[in-house]
Amino acid sequence: MPLGEHLHKAGTIDDVQLSAARRRATDTGQGLDVTLVELGFVDEEQVALALADLAGCPFVRLSEVEIDRELVRAIPSRLLHQKRILPLVGKGIAESPALGQ
């Protein structure tokens, strides 16, 4: 499901906002996510939560977890950058890497 439809179905944005954001995104060539934030219809965290939900990934606030520095050093930096992962330690996520967009 596309991001806009997901946010609409969740009740985060309404029909008018979704239509306006789609038009502006098409006119500017920007992604719908950026456009929705710029228009003030959603904030960045709402977009991140929706994207995580769509991807089937947990949403993690980095301020609430600790980066496992030993594990970061043990994984080749090329792999960390290529796969865009960051090993984290936190309640319920010790086995889950954070994934970049």
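**Core and helix packing in the predicted model**

In this predicted model, the largest nonpolar core consists of eleven residues, namely Leu-3, Leu-7, Ile-13, Leu-18, Ala-21, Ala-25, Leu-32, Leu-36, Val-42, Val-47 and Ala-50. Two or more residues of this core are given by each of the elements α1 (3–9), α2 (15–28), α3 (32–38) and α4 (44–55), and the greatest contribution, three residues, comes from α2. For Leu-36, when neighbours within four places in sequence are left aside, the contacts are with Leu-7, Ile-13, Ala-21, Phe-41 and Val-42.

Helix α4 comprises twelve residues and spans 16 Å from its first C-alpha to its last, which is close to the 16 Å expected at 1.5 Å a residue. Within α4, Val-47, Ala-50 and Ala-52 are buried, and the buried residues of this helix pack against α1 and α3. At the start of α4, the backbone nitrogen of Glu-45 is approached to within 3.1 Å by a side-chain oxygen of Asp-43, while just after the helix Gly-56 adopts a positive phi of about 75°.

A further residue of interest is His-6, which is located in helix α1. His-6 counts as buried because its relative accessibility, 16%, falls under the 20% cut-off. The side chain of His-6 is joined to that of Asp-53 by a polar contact of 3.0 Å; with neighbours within four places in sequence again left aside, His-6 is in contact with Met-1, Ala-50, Asp-53 and Leu-54.

Terms used
Residues numbered from 1 in each chain as written. Predicted model: local features only at pLDDT ≥ 70, side-chain atom pairs only at ≥ 80, totals over all residues. Heavy atoms only, no water. Core = buried A, V, L, I, M, F, W, Y, C linked by side-chain atoms within 4.5 Å. Buried < 20%, exposed > 50% of the residue type's maximum accessible area, 1.4 Å probe, protein only. Helix = DSSP H or I, 4+ residues; strand = E, 2+ residues; numbered from the N terminus. Contact = heavy atoms within 4.5 Å. Polar contact = N/O pair within 3.5 Å; in protein donor to acceptor, adjacent residues only side chain to side chain. Expected span 1.5 Å × (residues − 1).
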